[in-house]
Amino acid sequence: MSTSPQSPPAEEEGGGGVRKPSSPRAARDDYATHVPPLRAKENPAHSRESAAARVRKRLTSTTASAIAIIIAVLWTLPTASLFLSSFRPELEIKTTGWWTMFSDPQLTLNNYREVLFSPGQGQLASYFVNSFVITVPSTVFVVVLAALAAYALAWVNFPGRDWVFLGVFALQIVPLQMALVPLLRFFSQGVTIGGYQILPAWDLPGAFAFTNVWVAHTIFGLPLGIFLLHNFISQLPTTLFEAARVDGAGHGVLFRKVVLPLTVPALVSLAIFQFLWVWNDLLVALIFAGGDVSTAPLTVRLAELAGTRGNEWQRLTAGAFVSMVIPLLVFFTLQRYFVRGLLAGSVKG
Amino acid sequence: MGFSLVDELPKLLWLVIGVAGFLAVIGALLLLVDAGPRKTRTEWWQATLFLAPALILLILGLVYPVIRTTLLSFMDSKGAAWVGLDNYIAMFTQPEILVVLRNTFLWVLFGPVLATAIGLFYALLVDRKRFESVAKSLIFMPMAISFVGASIIWKFIYAYRPAEAEQIGLLNQIIVWFGGEPRLWLLDAPINTLLLIVVLIWVQAGFAMVVLSAAIKAIPDEIIEAARIDGTGVWTHFWNITLPSVWPTLMVVLITISVQTLKVFDIVRTMTGGQYETSVIANEMYAQAFRYDNLGMGSALAVFLFILVIPLIILQMRTNRRLREEQR
């Protein structure tokens with residue numbers, strides 16, 4: 001678990017781990033400026049404690065550990081039981097509890113094969129591709145556009161800059177429910193201002209229909225993205241820019257050669273959040289991606305299976321795991337960026 | 001027509017074209033930035049190129065829709081004629097929608113507080129333990145799972161089989177072990193709403209735990225040291241030192257989860273579809289606007305949601321500012 005965020009202080013020397021910020025806000029400031037990590041000090045008072053106090057402490061510590069383990073088991077059990085069940089034959093899942101499998105283990109990969117590839121059973125492989133095709137561009141677009149905007153709001157001189165930033169900041173509070181109906185109208189009827197058709201209706205056939213979802217997710221991801229990256233980019237030292245300006249570099253070069261390389265950790269954090277958010281999203285996909293196998297993502301298909309075939313547990317158990325594989329992989333390999341982003345306030349509304 | 005790779009190729013091709021095309025445009029834009037007028041006092045040219053893509057999207061996709069939705073909330077189901085406050089009046093008088101509002105209230109009442117309390121409790125339990133990082137990962141993991149996946153996980157726990165058959169859901173099995181009758185949990189109002197809230201708590205406790213754990217670790221060692229020498233008990237230590245120290249962070253966590261809770265949609269949609277008196281505002285908004293084609297009522301619900309969120313966010317920003325000032 002070397003990637004885990006709460007590794008002991010000694011492992012945080014590389015600057016990779018979270019440096020124990022005291023608040024979401026502090027973390028944000030913290031990861032731009034390189035404050036040395038706090039170290040847990042040796043405890044000089046320890047030797048002065050009486051034997052009785054030490055025994056009492058050991059006991060409370062054991063009770064605490066026991067309670068912690070109980071909670072951890074409670075929290076893990078739901079996922080574990082579904083995971084184990086997904087390998088049981090259909091008849092077994094439907095007639096006996098998963099806890100009976102320990103006395104009579106029968107395992108199969110049939111559920112996965114069927115739910116992934118059979119048309120009547122879910123055909124989740126196609127939806128998996130859809131999820132992928134929806135998520136990757138939605139992530140790239142947000143990260144790139146947010147970086148450009150955040151840079152301009154931090155380092156390009158123009159009047160009203162602070163007002164524009166305030167406006168973008170305020171947009172974070174808009175629940176996406178407020179935007180769904182009119183945005184869908186844009187795609188189906190185009191944009192008209194004062195009777196003039198500014199944009200035509202997008203009646204995109206086949207694979208091109210993914211564009212709607214990309215645009216919708218990009219719009220909904222931008223306010224938070226710009227805000228997070230602005231916090232980071234605006235804290236880069238001014239001297240960096242002055243030096244480059246003296247060498248005659250314009251904003252385009254500065255952005256590419258100076259800002260982007262230095263911003264990589266923040267970009268990765270934002271990318272992870274946007275990726276997980278889009279991959280796990282149901283609402284935006286339901287409205288903008290349609291419901292069939294040509295464009296709908298895994299979440300839409302699974303919600304549908306849970307509704308119409310709520311008792312086909314062999315499909316639901318395996319299907320749920322097919323949808324979780326990628327997020328869990330991202331989570332476990334990039335956990336420290338995930339935590340860092342979380343502490344910096346990456347919770348989207 | 002099963003799964004075949006040939007069917008998937010156009011999608012992947014469009015993905016590659018989309019991303020490559022986008023990056024090419026951005027690359028050209030960056031070159032253009034430096035080709036334009038340089039060394040001017042106000043950098044209009046550069047500002048426009050850097051900001052235009054994001055701002056156009058935000059104005060078309062958020063600013064305009066917010067105005068439009070607000071207007072629609074005062075119009076009829078087709079968005080054709082003005083009806084004044086009718087939608088809002090209907091919202092607070094129709095029994096079905098009153099149930100929706102009551103449920104949303106239950107969600108906000110129980111979800112955030114319990115998730116935060118469990119998160120704080122667990123963060124304290126595992127603080128500075130040898131197994132801390134593993135223990136935290138286990139509680140934190142549900143954060144990576146979609147609400148749809150989490151709903152299926154919990155639906156399986158609430159699954160029902162008639163009393164004469166063997167149970168497959170853990171909850172009913174436990175009831176049976178204690179000599180009770182299995183129940184159709186998700187059909188029983190109002191307990192079904194509470195069982196749905198459990199899913200939210202299960203997901204959000206990990207978030208609360210991670211953020212609060214960081215706050216606990218930031219309590220200065222001197223304070224902890226002083227308390228230890230004074231020999232304060234665990235309980236007094238918690239009330240006099242830990243809780244006051246993490247209080248601002250606790251508020252931020254509580255408010256953040258409250259906002260998430262107000263907008264909860266996926267759990268309700270996946271587990272009950274909003275039937276059996278479990279619907280909440282976000283789900284009802286979707287149903288009204290996109291199922292029943294009642295744009296007016298759907299918009300009114302969206303506006304009401306927005307109004308509920310605003311004070312929470314203002315409170316959060318103020319707490320955040322106070323936290324930042326304390327740092328200085």
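Let's start with a crossing: α5(A) and α8(A) cross in a right-handed way. Helices (H or I, at least four residues) and strands (E, at least two) are DSSP runs, numbered from the N terminus.

Quick ground rules. This is a predicted model, where local features need pLDDT of at least 70, side-chain atom pairs count only at pLDDT 80 or more, and totals for chains, interfaces and linings use all residues. Residues are numbered from 1 along each chain as its sequence is written, with chains lettered from A and ligands numbered from 1 in the order in which they are written.

Back to that pair. Helix α5 of chain A spans residues 124-155, and helix α8 of chain A spans residues 210-233. They pack at an angle of about 40°, with axes 6 Å apart. The axes are lines fitted to C-alpha atoms over the stretch in contact, and angles run from 0 to 180 degrees between N-to-C directions. That angle makes α5(A) oblique to α8(A). The cut-offs: under 35 degrees is roughly parallel, over 145 roughly antiparallel, 65 to 115 roughly perpendicular, and the rest oblique. The contact residues of α5(A) with α8(A) are 21 nonpolar, six polar and no charged. Nonpolar covers Ala, Val, Leu, Ile, Met, Phe, Trp, Tyr, Cys and Pro; charged covers Asp, Glu, Lys and Arg; the others, Gly among them, are polar.

Chain A overall. It has 14 helices and two strands. Of its 349 residues, 48% count as buried. Buried means 20 or more other C-beta atoms within 10 Å of a residue's own; exposed means 12 or fewer; partly exposed is in between, with C-beta atoms placed from the backbone.

Now the interface. Contact means C-beta atoms, placed from the backbone, within 7 Å.

On to chain B. UniProt, in an unreviewed entry, lists "domain: ABC transmembrane type-1" for residues 101-316 of chain B. Such annotations may be inferred rather than shown by experiment; positions follow the numbering used here, and feature names are shortened. Over residues 101-316, chain B is 74% helix and 0% strand. The record's "transmembrane region" stretches in chain B include 138-157 and 295-315. Residues 138-157 of chain B are 70% helix, with end C-alpha atoms 19 Å apart. Residues 295-315 of chain B are 100% helix, with ends 31 Å apart.

Helix α5 of chain B, residues 132-140, is mostly covered: seven of its nine residues are buried. K136(B) is one of them.

Next, α6(B), residues 147-157, and α8(B), residues 191-217. They pack at about 120°, axes 10 Å apart. They are therefore oblique to each other. The crossing is right-handed. F147(B), A150(B), S151(B) and W154(B) of α6(B) meet V198(B), V199(B), W202(B) and V203(B) of α8(B).

R128(B), not a glycine, has a positive phi near 60°. R128(B) sits in the loop between α4 and α5 of chain B. D293(B) has a positive phi of about 55°, and lies in the loop between α12 and α13 of chain B. Is D293(B) buried or exposed? Exposed, because D293(B) has 10 C-beta neighbours inside 10 Å.

Notes
Left-handed = near helix turned anticlockwise from the far one by under 90°. Contact = placed C-beta atoms within 7 Å.
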